[in-house]
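Have the viewer open as you read.

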Amino acid sequence: MITSPSTTNGKTQSAASLASSALDQGKGILRLAPTWVPRSFCVPGRRIKLHPDDYYVLGGLRGGIDERWLASTTPAKNGPLTGQHEGLSKIVFNGQQCLLKDAVDELKGALIGERLWQTYGAWPMYSKFFDNQGPLPHHIHHNDEKAALIGQLGKPEAYYFPPQLNNHGGDFPYTFFGIAPGTTREQIGECLRNFTKGDNRITDYSSAYFLRPGTGWDVPPGLLHAPGSLCTYEPQKASDVFAMYQSLVNKAVIPEELLWNGTPKESIGDYEALLDVIDWDLNLDPNMRENRFMAPLPAVKNAQGYTENWVCYKSDAFSAKELTVEPGATVVIKDAAAYGLIMMQGHGKMGAWDIETPALIRYGQLTHDEYFVSEQAALEGVTIVNHSATDPIVMLKHFGPGNPDLVL
C-alpha cells in the first residue's frame with residue numbers, strides 16, 4: 001500500500017517502483033519520517049524533542065505521546081482508538097511517503113538481506129524511545145508460545161539510556177526486575193487476584209535497580225519488570241504483546257483489561273494462566289544484575305576517527321550499537337547486516353544524505369535524523385562526514401536477529 005501516490009513524468013509509481021526509486025536515490029539508504037505513538041496510561045517525560053504543544057495533540061482520550069518508534073514495520077496495539085498506520089515507519093521520497101513495511105515486502109532481500117528475508121519474510125524487529133515522567137507498572141511480555149495463543153509473536157527487548165535524552169531522571173529512575181528469591185507462586189497469585197482491590201503490592205516481591213545513563217539492561221520474555229523514568233532507547237522483537245501485573249503505580253490506577261491484555265478470550269479470569277506466563281527461573285535469578293545489566297562493549301579496536309560500542313548485545317533477536325564520529329572526521333563504516341539508525345548528536349553527511357540532530361520537532365514535521373541502511377550498503381560501507389569542528393556525531397544503530405558481527 002502506498003500512503004501517498006508518487007508521480008514521475010505524470011505517471012503514478014507502483015509500491016515496488018517507489019520503494020526501488022527511494023533506495024536508488026539514497027544509494028542503499030532510506031530516509032524515514034518520525035513515528036510518534038501515544039500511550040493512554042503514561043505521562044510524557046518531554047525528552048524526545050517533540051514540541052511542547054504537541055504531546056497531547058491526539059487528544060486526552062489517546063493520552064500523551066511518550067514514544068517514538070524507529071524502523072518499525074509493527075503496528076501499535078493501542079485499543080479501538082488506534083490510528084491508521086500507528087507505530088509504522090514511513091519512507092520519505094520526493095515529497096511522498098510509503099510504509100517501510102511495504103518497501104520490505106516489495107524489495108525483500110535487496111533491502112533487509114536474503115538471510116533475514118528467507119528466514120522471516122519480514123523485518124523482524126524495531127526500536128523505540130519511551131519517555132515517561134514516572135515509572136511503568138510491573139508487567140511482562142509473553143514468549144513465542146504464549147503470544148501465539150493470541151496470534152502474536154513473543155517479545156524480548158533491551159534498554160539503553162542515551163545521555164543526550166536524559167537531562168533529567170524523571171520521578172523514579174529505578175527499574176524493578178524479576179521476583180525476589182524465595183517468593184512463591186502462591187504469593188504472586190494472591191497479588192494478581194487482588195488486582196481490582198486497590199494496590200496489589202506486587203513490587204513488594206521485587207528489587208529495584210538504579211538506572212545510569214550510558215548503560216542498559218537485557219529483558220527476555222517472561223521477565224517481570226517495571227521500567228523506571230529515564231528516557232529509554234529500546235530495541236525489541238517485532239511485537240507489541242504485554243500484560244500489566246501491577247494495579248497501581250505512581251498514583252495511577254491500571255485498568256483490569258491490561259492485566260488480561262495478552263490472554264486468550266477463553267482464559268480471561270484464569271489466574272493460573274497469568275502465572276504460567278512468568279518464567280520462574282529467570283525471575284528468581286539471584287544474580288539478576290550480573291546476568292541482565294549491560295555496560296557498553298567495544299565493537300571495533302584501533303578505529304581512526306570514530307568509536308563504536310555494542311549497547312544491546314545479550315539477545316539473538318536483535319542488537320544495537322552506538323557510533324561516535326569525531327569532529328571533522330570522514331570515516332567509512334561497514335556492518336554485516338541491515339539496520340535502522342537514529343541521530344543523537346551532531347550533523348554532517350552520510351552517503352547521499354544530509355544528517356542532523358533536531359532540537360525540537362513538531363508533530364507531522366519531517367526530519368533528517370532517521371534512516372534505514374540496506375544490507376548491501378552496510379556491507380559495502382557507509383561514508384560519514386562530520387561537518388563540525390567541535391561537535392561529535394553520535395547515532396544509535398538497531399539490527400535484526402542473528403547479526404553476524406555479534407558474538408553472544
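## Ground rules

A cavity, on a 1 Å grid over the protein atoms alone, is a set of points where a 1.4 Å probe fits but cannot get out; a pocket is an open set with protein on both sides within 12 Å along at least five of seven lines, and lining residues have an atom within 4 Å of a point. Grid points are joined across faces, edges and corners, and a volume is the space filled by probe spheres set on the points.

The model is predicted, so local features need pLDDT of at least 70 and side-chain atom pairs count only at pLDDT 80 or more, while totals for chains, interfaces and linings use all residues. Numbering runs from 1 along each chain as its sequence is written, and side-chain values use heavy atoms, with hydrogens and water left out.

## Overall build

The protein has 11 helices and 30 strands (DSSP runs numbered from the N terminus: H or I of at least four residues for helices, E of at least two for strands). Its radius of gyration is 21 Å, close to the 22 Å from the globule rule for 408 residues, so the protein is as compact as a globular protein of that length. That radius is taken over C-alpha atoms, and the rule is 2.2 Å times the number of residues to the power 0.38.

Of the 408 residues, 56% count as buried (under 20% relative accessible area; over 50% is exposed and in between is partly exposed, with a 1.4 Å probe and protein chains only). Of the contacts between residues at least 6 apart in sequence, 76% join residues at least 24 apart; a contact means heavy atoms within 4.5 Å.

## Cavities

There are two cavities of 30 Å³ or more. The largest has a volume of about 170 Å³ and 17 lining residues, with R39, E67, K128, L136 and H139 nearest its centre. Its lining divides into eight nonpolar, two polar and seven charged residues. Here Ala, Val, Leu, Ile, Met, Phe, Trp, Tyr, Cys and Pro count as nonpolar, Asp, Glu, Lys and Arg as charged, and the others, Gly among them, as polar.

The second largest cavity holds about 60 Å³. Strand 25 (residues 339-345) gives the most to its lining, with three residues.

The largest pocket takes up about 590 Å³. It is lined by 23 residues, and S40, N78, G79, E257 and L258 are the closest to its centre. Strand 4, strand 19 (252-253) and helix 7 each supply at least two lining residues.

The second largest pocket comes to about 400 Å³, and among the residues closest to its centre are W36 and Y363. Those two are 327 residues apart in sequence, yet 7.8 Å apart in space, C-alpha to C-alpha. W36 is found in strand 4 (residues 35-39) and is buried, at 7% relative accessible area.

## Two buried spots

H138 sits in the loop between strand 8 (125-130) and strand 9 (139-140). Buried or exposed, then, is H138? It is buried, with a relative accessible area of 1%. Beyond its neighbours up to four places away in sequence, H138 touches residues including F176, H225 and Y245.

In helix 6 (residues 185-193), the buried residues are I188, G189, C191 and L192. They cover an arc of only 155 degrees around the axis, which puts them on the same side of helix 6; the arc is that of the directions from the helix axis to the C-beta atoms. Their cover includes helix 7 (256-259), helix 8 (271-277) and helix 9 (280-283).
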